[in-house]
Amino acid sequence: MADFKLPKPKFFVTNKKGENAELLADLNSEYRERRKDAVKRVIANMTVGKDVSSLFPQVVKNMQTEDLEMKKLVYLYLMNYAKSNPDLVILAVNTFVKDTDHVNPLIRALAIRTMGCIRVDKILDHLCEPLRKCLGDDNPYVRKTAALCVAKLWDLDPERAIENGFVTSLQELVSDTNPMVVANAVTALAEMQESSETKDVFVVNVSVMNKMLNALNECTEWGQIAILTSLAEYKPLDSKEAETICERVMPRLAHANGSVVLSAVRIILIMMRYIRSDEFNKQLVKKMSPPLVTLLASAPEVQYVALRNINLILQKRPDILQNDIRVFFCKYNDPPYVKLEKLEIMIKLCNDRNIDQLLSELKEYASEVDVDFVRRSVRAIGRCAIMIDDASERCVNVLLDLINTKVNYVVQEAISVIKDIFRKYPKRYEAIIPTLCQNLDSLDEPEARGSLIWIIGEYAERIDNADELIENFMETFLEENAQVQLQLLTATVKLFLKKPSQSQEIVHRVLQTATQDIDNPDTRDRAYVYWRLLSTDPQAAKAVVLSEKPPISVETRTISPGLMDELITNISTLASVYHKPPSAFLGNKAYSPDAIQKAAAADAQDEELHAVDGAESPAAAKEAAVKNAMADLLDLDFGSEPTSATSGGSFAPVMSPITSSAPALPPTSTGSSTGPNYSSDLFDFSSDTSSSIFGSTGASSGAGSSSNNFNSNNSNNSFGSLGGFGGSSGGMMASNNDPFAGLGGSAPAQQPPAQKPAGQQSGAMNDLLDLF
Amino acid sequence: MASAVSAVFILDLKGKVLISRNYRGDIPMNAVEKFLPLVLEAEEDSQAPAPVFTDNGVNYLYIRHNNLFLLAITRKNSNATTVMLFLHTVVNVLTEYFKELEEESIRDNFVIIYELLDEMMDFGYPQTTESKILQEYITQDAYKLEVQVRPPMAVTNAVSWRSEGIRYRKNEVFLDVVESVNLLVNANGNVLRSEILGAIKMKVFLSGMPELRLGLNDKVMFESTGRSPTKGKSIEMEDVKFHQCVRLSKFENDRTISFIPPDGEFDLMTYRLNTQVKPLIWVEALVENYTGSRIEYLIRAKAQFKRRSTANNVEIHIPVPEDADSPKFRSGIGSVQYVPEKSCVIWKIKQFQGGKEFSMRAHFGLPSVKSLDDADKRQPMSIKFEIPYFTTSGIQVRYLKIQERSGYAALPWVRYITQNGDYQMRMPDSIKNSKMAPI
């Protein structure tokens, strides 16, 4: 052994040229320490992302060693570079096979673990024999490692795993004496089952279930999670059996690991579907509350996941956590994403007993520093007002207090919120209109301006100087955001219909400006519609513009029952965090191990994730769209997202079918050609103009979608422009609060097929025609 | 519903990968390059980027520790809770190995981190994460590997947290019952939330494989066995969580806490209680703001627990405006310090006896021009303290029975302490222009 005095090694620092050459020499050195040092430097280079794949043969030569650390390093190297040197991997096979026979179980396990991670076909040929040996190894550490290795093999070549009888071996390992082996066997089987085509790899029957329940007590925390996850697959025969399972699983609620707790909660919630005793279910709900609350004492990221799940569970079982609203009060130092989730849950828990407490809390939040959180808090006050009739007055008073703080963004948000309260309780709070109008000058956000204008138009007959106020807004008409322009247009028409004598001149001017000077097709079109209406039949105009508006309500349960069940089955997983079914966010295509570059198609999918927001099922989307096509003319066009200051946000739900399906459509489909005809009939436009107008609408509003998609889909777009604004008004308060929506965290499972919108459109048009 | 993780990364705050481990090879590793841009983009959009998000079929889950991101990516519908907890476990294990987990220590120890990542997770599924056990076969000392290590029995035993053959000359157990009080009081002095998070922390120096049984004055147990406590009251614990060594099914059956402990320090159990007890330390603030010239504080602190107890190392943090200057203080007890970098005043009282009340006045100058938004006033007061020999809940260790085959006698030591948890009291609105005499 050479006496090598190494200085404190600085593996990452080299500035010499030809480093690889030097490494090469060291790797071939006769001294063990020098070789080891070289291997470490190779790994260091690999860590910082330098390409050291050229050293493959030399590194692999060092594999055969009794030095465990060295062996591990070489193995690590192999895992990383095997793919770039598939032909040379064969050099390592001998040592691998030898190592799986080593006297030391640590090395046996290491060898089989690493072999499984080398995703190269050549290795597979040599993997099966050692794997068979390891599955029957005396040492449980080796067996548990081999169990997972079967899943690795399956991932690359399921046929081979079946042919070699490994699936059967795994099924036997579920009865192993060692709990860790059981857990890994269950893990591997569950994963294989998921991708198996015949779905017979792992069927959780009574005997398997009992084996798993028995191993549960002795497993590590992670093992328990694996077992609990698989237990959830079991379909109980009757209510009694479901109760027994719940009783067996219940002690897990006292585990320190939050994931064990949530996995237990998942099973209990699933089993509750089978349990017929209401009393028993009530007990279960009671038992689950405290552990859920305790999850709020975890690290913030875990809290976030827990809160998203609680949000879900609350929609499924509204009786849970009924008296616990206080635990969701925000702490000053909670991270923003935790605060926003807590806010959502507080609103869900709000009732007439705790509303006062909640209001004082929300008022407190409205004076914090984080603008986004403040806005959401103000919005929450509005949602309380709409949810609880008796408390609406108190809510309005709090909002007035907030308006009096004169903090700009608070005032704007409060006014937007009050507009919704006015819609819910017409004619109840007119007295506060003067206060609102005092803040006219400080409003610079489109939504706030639009809201105030809407209020003025709606109550024009009660506001003495309504015409002056409208006049005031007229000065900046051309510079306004489209949303505000539309509001102003409608408010003016309302004013005219209510007080024809005062406002004839204004309405004329507005319509003229809107039709002649404004480029935005939405505004222009609406102005034309109004003009035509007013000039032909003022009564019809009244019927349309001043008609009863559909009531609004706060939807605290935003998830359809079918989706809900799917999400409950997925408690604690990503799906439960996004509140989307797994199919909505998982890439369907697997990356083949070598395909590093993402396909262009993936980009299109990305767009889809960005654009789609809210619509849950095709049916619902269609229904909403049809209903809301009218809403546009009824001037209910407010974006639902607090953040959607521009109209683009509210377009998204209706636009989604177009964006998502566009690439698959032929350039001209039958659906595309019928659309413009409808609209041209109605508006007396030439087909050409209409398509160009609508085409531009689409391009300007379809957030993030590439414009070439639109040329082939004009009809859909025209629908979008009519129905789009209304698309969100029905769910005005029921905003989608996924803070990551913008990142594409949200895409419904099924997109309506491309032809649907055309059908919807004709429906929408018919609605319009009926009215005329 | 497989919970597998595809790869784990440790990155610096600029998004540069310090070390990574690809477990499944089903996501191109360059997916990590999009991570930080996506987080920043989300920050711009909503100001509250969530720690879980999806992009292009890849799901990103991350935590922050010091100046590092720990990131896991997956293309399956993984168990998000597991992944988050696993990342935190990685932080804990690495911290136990290197004292401080930061860029430097990662560079210095990359070899052992690779080994640990390899051992703690296989094919994306968490494996052995007990740092005590890991330390037995993955050692720091790379140079004396002459003796071949083998996997400790514990790795796969039913008792995965303790190795056999542990020997101590003196067998001792230390039990610390620590109760942290979380309190939130609003500006009007109403208690919004008050809860106790209790923990029984153990330090175990016992030989062999000892079997322990812990008795508490647990109300549910007394009720179920029909016995009444011999002395004192019993308590009702709302949600009890145990270390994995405790036999949960046994606890569920007859409320006995029985276990074979790990060696050394660990948290045996935690519990939570919602109590209606008086806040232990009550602080009232009176703030007078003479806009443009000065701001004055009158702080009253009261110890609302029994006289025979004393709170130690009490610290009351009072937020003050960022632009305050020339501080002046007067207090009946303790020392007062202005910490401009945190915009707060810290009033420290070494010993605060139960039932006593003290007050402190602070006076600051303010610049004559003041920006309009006084957002800084919204920060709450926070209070730190420790009260030894005292628990709010009244929890008591009735016995700790220790049995081992060799039959040695072991001594259990019990200590009780109550301390602050998240103890916050919101500042009242300041009174403008009243007539409090200046100091």
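Which residues touch the most other members of the largest nonpolar core? In this predicted model, the largest nonpolar core holds 311 residues, and the members that touch the most others are A:I381, A:C384 and B:L71. With neighbours within four places in sequence left aside, A:I381 is in contact with A:L359, A:L362, A:C395, A:V398, A:L399 and A:V417.

Chain A is divided into domain 1 (204-349), domain 2 (352-441), domain 3 (445-547) and domain 4 (601-771). The centres of domain 2 of chain A and domain 3 of chain A, taken over C-alpha atoms, are separated by 26 Å, and the contact between these domains takes 10 residues from domain 2 of chain A and 12 residues from domain 3 of chain A. On the side of domain 2 of chain A that touches domain 3 of chain A, the elements that give two or more residues are helix 22 (408-424) and helix 23 (433-438) of chain A, and helix 22 of chain A gives the most, with five residues. By residue type, this side of domain 2 of chain A divides into six nonpolar, two polar and two charged residues.

A:V265 is found in helix 15 of chain A, which covers residues 258-272. Because 26 other C-beta atoms lie within 10 Å, A:V265 is buried. Not counting residues up to four places away in sequence, A:V265 touches A:M288 and A:I571. From A:D238, by contrast, A:V265 is 27 residues apart in sequence and 19 Å apart in space, C-alpha to C-alpha.

For chain B, the domain assignment gives domain 1 (7-146), domain 2 (172-277 + 392-423) and domain 3 (281-388). The centres of domain 1 of chain B and domain 2 of chain B, taken over C-alpha atoms, are separated by 33 Å.

Chain B also contains an open sheet of nine strands, in the order 11-13-9-8-23-21-16-19-18 and with mixed pairing. The edge strands of this sheet are strand 11 (239-242) and strand 18 (335-339) of chain B, each of which pairs on one side only, and neighbouring strands of the sheet are turned by 15° against each other on average, direction ignored. In general, the strands of a sheet pair through backbone hydrogen bonds, either parallel or antiparallel.

Strand 15 (residues 294-303) of chain B and strand 20 (residues 357-365) of chain B pair in the antiparallel sense over nine bridges, and the bridge partner of B:Y297 in strand 20 of chain B is B:A362.

The two chains are also in contact, with 98 residues from chain A and 84 residues from chain B taking part. Helix 8 (residues 140-156) of chain A gives the most to the side of chain A that touches chain B, with seven residues. The residues on this side of chain A divide into 52 nonpolar, 24 polar and 22 charged. Helix 16 (residues 278-294) of chain A lies across strand 11 and strand 13 (264-274) of chain B, and runs at about 65° to strand 11 of chain B.

Notes: Residues numbered from 1 in each chain as written. Chains lettered and ligands numbered in written order. Predicted model: local features only at pLDDT ≥ 70, side-chain atom pairs only at ≥ 80, totals over all residues. Domains from an automatic or database assignment. Contact = placed C-beta atoms within 7 Å. Helix = DSSP H or I, 4+ residues; strand = E, 2+ residues; numbered from the N terminus. Nonpolar A, V, L, I, M, F, W, Y, C, P; charged D, E, K, R; others polar. Buried ≥ 20, exposed ≤ 12 C-beta atoms within 10 Å, placed from the backbone. Pairing = 2+ DSSP bridges. Axes fitted to C-alpha atoms, helices over the stretch in contact; angles between N-to-C directions. Core = buried A, V, L, I, M, F, W, Y, C linked by C-beta atoms within 7 Å.
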